[in-house]
Amino acid sequence: QVQVVESGGGLVQAGGSLRLSCAAEGLMFSDVNMGWFRQAPGKARNFVAAMAWGGGATDYADSVKGRFTISRDNTKNTIFLHMNSLNPEDTAVYYCAAGAPYASRRSPANYNYWGQGTQVTVSS
């Protein structure tokens with residue numbers, strides 16, 4: 001059974017940093033794309049960052065490029081989202097997901113397994 005669990009959210013001041021973690025059980029990173037998405041109240045779930053199956057390619061939304069970094073630890077079957085220079089517009093529930101290896105990494109529809117989400121709040 002596949003299980004995806006996020007952690008690491010919290011409250012931070014603008015300009016600060018957070019690191020989110022996503023532990024995945026029941027799947028191999030080499031077989032799936034791993035992505036981070038976020039959803040603010042009343043808004044759609046949007047792509048943030050993704051890492052391709054096999055760990056080669058990475059993608060970032062324009063709004064986070066240069067500030068966020070996705071990485072992974074294969075020994076712990078865990079991926080991370082390192083978030084720097086946070087601003088209030090980054091406030092959202094952040095979701096980790098695992099998806100089909102050859103599909104677009106930016107579309108939520110291509111991800112089959114989702115975590116429960118972790119809240120990130122950035123105060124001004």
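Predicted model: local features only at pLDDT ≥ 70, side-chain atom pairs only at ≥ 80, totals over all residues.
**View 1. Leu20 sits opposite Leu81 of β8.** Strand β3, residues 18-25, runs antiparallel to strand β8, residues 78-83, and six bridges hold the pairing. Both strands belong to an open four-stranded sheet with the order β1-β3-β8-β7 and antiparallel pairing. At its edges stand β1 (3-7) and β7 (68-73), each with a single partner strand, so one side of each has no neighbour in the sheet. On average, and ignoring direction, neighbouring strands here are turned by 15 degrees against each other.

**View 2. β7 and β8 make a hairpin.** Six bridges link these two strands, again in the antiparallel sense. Look for Asp73, whose bridge partner in β8 is Thr78. Four residues lie between the two strands, and in the turn Asn77 has a positive phi of about 50 degrees.

**View 3. Tyr94 in the largest nonpolar core.** This core has 34 residues, and the ones touching the most other members are Trp36, Leu81, Met83 and Tyr94. Strands β3, β4, β5, β7, β8, β9 and β11 (118-123) each put in at least two residues.

**View 4. Phe37 and Phe47 pair up edge-to-face.** Searching the whole structure turns up six aromatic pairs. In this one the ring centres of Phe37 and Phe47 are 5.8 Å apart and the planes meet at 70 degrees; planes over 60 degrees apart count as edge-to-face, so the pair gets that label. Phe37 belongs to strand β4 (residues 33-39) and Phe47 to strand β5 (residues 45-51), so the pair ties together parts ten residues apart in sequence. Are these two residues buried or exposed? Phe37 and Phe47 are both buried.

**View 5. Trp53 and Tyr102 bring two loops into the picture.** Their ring centres are 5.2 Å apart with the planes at 70 degrees, so this pair is edge-to-face. Trp53 comes from the loop between β5 and β6 (58-60), while Tyr102 comes from the loop between β9 (92-99) and β10 (111-114). That puts the two residues 49 apart, and the pair links distant parts of the chain. With 36% relative accessibility, Trp53 counts as partly exposed, whereas Tyr102, at 69%, counts as exposed.

**View 6. Gly10 in strand β2.** The strand covers residues 10-13. Gly10 has 23% relative accessibility and counts as partly exposed. Which residues is Gly10 in contact with, leaving aside its neighbours within four places in sequence? They are Leu18, Gln119, Val120 and Thr121. As for Val48, which is 38 residues away along the chain, its C-alpha atom is separated from that of Gly10 by 17 Å.

Key: Residues numbered from 1 in each chain as written. Heavy atoms only, no water. Phe/Tyr/Trp six-rings, centres within 6.5 Å; stacked < 30°, edge-to-face > 60°. Buried < 20%, exposed > 50% of the residue type's maximum accessible area, 1.4 Å probe, protein only. Pairing = 2+ DSSP bridges. Axes fitted to C-alpha atoms, helices over the stretch in contact; angles between N-to-C directions. Core = buried A, V, L, I, M, F, W, Y, C linked by side-chain atoms within 4.5 Å. Contact = heavy atoms within 4.5 Å.
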